[in-house]
Amino acid sequence: MNRPSRVASRWLLLISLVVTHAVADETLHYPAAPDSGPATSLVVHGALDLPQMQPLLEGFHRQNPDVAVRYRNLTTLALHERFLAAPDEADVLLSSAMAWQYRLANEGHARALASPAAQHWPAWARWRHELFAITFEPIVMVVNQAVIERFGEVRGHADLLALLERHAGALQGRVVTYDPATSGAGYTYAIEESRLSPRYWDLVAALGKAETALADTTAEMLDGLIEGRYLVGYNLLGSYAQERLANQPQLRIVVPEDYALVTQRLALIPRQAPHPQAAERFLDYLISETGQTVLARETPLGAIHPALDGPGTATALRQARGEALRPIAVGPGLLATLDDLKREALLTRWQREFARGE
Amino acid sequence: MKRGDSLYRRLLGWLLLPLLVLGSLILIQAWVDAQRTADRAFDRLLEAASLAIAEQVQWQDDRLWLDLPPAALEMLATDAQERVFYSLVDRQGRLITGNALLPGDPRQGAEDEDTLLYRHIDWQGLSLRQGVRRTRVEDWRVREPFEVRVAHSREGRDALAARLWRANLAMILAMAALATVGLLLAIRAALTPLTRLRRAIRARDPRTLAPLELSLPRELAELRDTVNELLARMRRVRANQERFIGDASHQLRTPLAGLSARAELALRQDDPMRWKEALIAMQATSARTARLAVQLLSLTRLANPEYRPDRVPVELNALACQAVRDHWASCHRQGVDLGVETAGDEVWIHGIDWLLAEAIGNLIDNASRYGGRCVTVKVEHCPPRLIVEDDGPGIPEPRRMLMLRPFHRDRDDLAGSGLGLAIVDGIARTHGARLQLSTGHDGRGLRVVLQFPGDTS
């Protein structure tokens, strides 16, 4: 794939990039080529930052110059609420909040995609033909090189638990993780991990003992790690970490060896999509080999397409980590994540365990 | 021949039609069964999931509390990736938690009883199967009823039902094919004796009237016996005809031989007076012979069952008077008293006037020939009857039926042909009339009654 070449740079000129922090309304707009016949439009709402989305949209627009594409980057919460308020606004919804996306599809808000690519998409990465996982992003730990030099390698959860239990004093306040009470992603990981192993609660207690700092986003954690405020980061989104830490040799990204959750971004076409044909073309592109290649090479998101191999693909990650990878299942179990009482119960337990260690 | 007229086709049609109806019914039944089986199998999931959820319901902080097990929801989705819905509802019908407020159990049951209801619902445009479990939290102090409502879409059930039905369909179709083949063979086998019978009839010498000898199933044996009876009747008819021809030729040979002998005798003489006598005698014989030939002709014609002359209305009184007028002169010459008694009203029947006249003539002739001195022709009304009565010696009771046979004469006499009563009988049969022979009114003579069918109209 030719990186921003002459062709691509021509499109770059057309991009109108509006960043308005107050409403977090970032959009990308690719108008239809004037000489490409009858124009259609496509509205994509996504919880995916512009630098990652941009190569994907460019690739799509190169293949479909007759489609005027408007991408709007929203937070997962805003995206969900905006859809519920106006279900006929967007043609494609793309979000990392798996449970919310699943809930929409479960209630029949999604339209089935019947293209050959959709038929061949791996069964574990889709639900019916309505909901498609398009990325493969492991949840990782970030460990400062200094910790490794002093206390030895941290390869997995068991190592981390041992580290926290033995050297809680040395790491007081120098560990950071998601706050499940305020972060949706953190809550999702907590619920998944608690299902995977009862020892998770020991880990929570150990984190509490080390007076772990609680953050709302991966970016916030990465900032603290880069600045050196934190030495160990637990449960960071691997795709973001990989991008930010490319030039931070003192911070090592650890994909745990015992088990590693893998989160996926789910895409769906709303039933009331205003431009269903364009939406189908876009989703088909996202799961095509072309789109997935862009995803693997030009973004840190991780491609799922089984035909792809090499860095940035699920295949490569599976070869490296094998059975340890635990992709969050796209299934009705996700609905439990959204249950209010469940949330209350889990958070109560989490906070109790966390406080127990202090 | 029309296509539908084949016995084979008719049997096939009438057997295949019920088979087809039966097959359709079985298919419908199989479909209903498949759906019921699939529902039963998948309802277990609703039962298990609702139980798994209900077990996690607790009474905590003065309210219902649920730590939802994700596995309970995953249980509801099979490979078919059903849509899954659940809700926990308290006694007032308020949603405690869940992803959809599903409708509840409409039955008003006793609150102490655990109940489980399965049913189909249409919920927001989705066709769902729902399980509603009604139970309660048992605590030391609290007994709080609640409902767990779970539902999932029908893809898995439909797929299973379709699979079951397809399996059944294949079997039913195979059975139908076997049944059809069996039916074809059975019909063919059942119709084989018919072919055998046809071949047996076709292979016969067309002149033979011998009975058919072959073993056949009961239904066809009846047909064979009927044909054999017909053949036996034909044999009898042929024997009668042969005897009649023999008798007739014998009857004609005798007067012809007499003529020939008389002529020979006369030719030996020279006296013209003898010749004249011989000629007179020969004239009488030839006249009698001619009359015999006429009678034989009319008897043959009457005996032919296909001889159906047109009947016209005939008035019996007029007919009787005419017959008496015709025969009065000859009777008078023989010294026979011929009279007529007509009915008061006109008596009309359907008949052939010249045949009836011939019958009356024959009877008058018979009566005068066999010793009757007083012959009366009577017509009666209601029922229409034609009666000829005489005061001759009569015929004894046992011999009366014999008299109806051709060439049977009560005693030897050369003047009669022995055909008179046989002809009258033939005429009576042609008219559908009954012929009765009885004794005359004062115990003497013969009374011959022709009773015609119907009223006088």
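View 1. Leu203(A) counts as buried because 21 C-beta neighbours fall inside 10 Å; the rule calls a residue buried if 20 or more other C-beta atoms lie within 10 Å of its own, exposed if 12 or fewer, and partly exposed in between, with C-beta atoms placed from the backbone. What you see here is a predicted model, in which local features need pLDDT of at least 70 and side-chain atom pairs count only at pLDDT 80 or more, while totals for chains, interfaces and linings use all residues. Residues are numbered from 1 along each chain as its sequence is written, and chains are lettered from A and ligands numbered from 1 in the order in which they are written. Leu203(A) sits in helix α9 of chain A, residues 200-209; helices (H or I, at least four residues) and strands (E, at least two) are DSSP runs, numbered from the N terminus. Leaving aside residues up to four places away in sequence, Leu203(A) touches His157(A), Leu160(A) and Leu161(A), where contact asks for C-beta atoms, placed from the backbone, within 7 Å. Phe354(A) is 151 residues away from Leu203(A) in sequence, yet their C-alpha atoms are 8.8 Å apart in space.

**View 2. Helix α9 of chain A and its cover.** Which residues of α9(A) are buried? They are Leu203(A), Val204(A), Ala205(A), Ala206(A), Leu207(A) and Gly208(A). The cover over these buried residues includes α7 (157-166), β9 (175-178) and α16 of chain A.

View 3. Chain A is split into domain 1 (6-136 + 264-326) and domain 2 (137-262 + 334-357), with bounds that come from an automatic or database domain assignment. Taken over C-alpha atoms, the domain centres lie 28 Å apart. At the meeting place, 18 residues of domain 1 of chain A are in contact with 20 residues of domain 2 of chain A. On the domain 1 side, α4 (98-106), α14 (314-321) and β15 (325-327) of chain A each supply at least two residues. The largest share of that side, five residues, belongs to α4(A). Sorted by class, the domain 1 side holds 10 nonpolar, five polar and three charged residues; Ala, Val, Leu, Ile, Met, Phe, Trp, Tyr, Cys and Pro count as nonpolar, Asp, Glu, Lys and Arg as charged, and the others, Gly among them, as polar.

**View 4. The side of chain A that touches chain B.** Here 17 residues of chain A are in contact with 16 residues of chain B. Three helices of chain A, α4, α15 (333-337) and α16 (340-357), each supply at least two residues of the chain A side. Which helix gives the most to this side? It is α16(A), with four residues. By class, the chain A side divides into seven nonpolar, four polar and six charged residues.

**View 5. An antiparallel sheet in chain B.** Five strands make an open sheet in the order β4-β3-β7-β6-β5 (chain B), with antiparallel pairing; two strands pair if DSSP finds at least two bridges between them. At the edges are β4 (95-98) and β5 (115-123) of chain B, each pairing on one side only. Neighbouring strands of this sheet are turned by 20° against each other on average, direction ignored, using axes that are lines fitted to C-alpha atoms, for helices over the stretch in contact, and angles that run from 0 to 180 degrees between N-to-C directions. Nine bridges join β5(B) to β6 (residues 126-138) of chain B in the antiparallel sense.

**View 6. A mixed sheet in chain B.** The order of this open sheet of five strands is β9-β11-β12-β14-β13 (chain B), and its pairing is mixed. Strands β9 (337-341) and β13 (434-439) of chain B stand at the edges with a single partner strand each, so one side of each is left without a neighbour in the sheet. From one strand to the next, the twist averages 15°. Within the sheet, β11 (residues 374-380) and β12 (residues 385-389) of chain B pair in the antiparallel sense over five bridges. Val377(B) finds its bridge partner in β12(B) at Val388(B).

Terms used: Contact = placed C-beta atoms within 7 Å.
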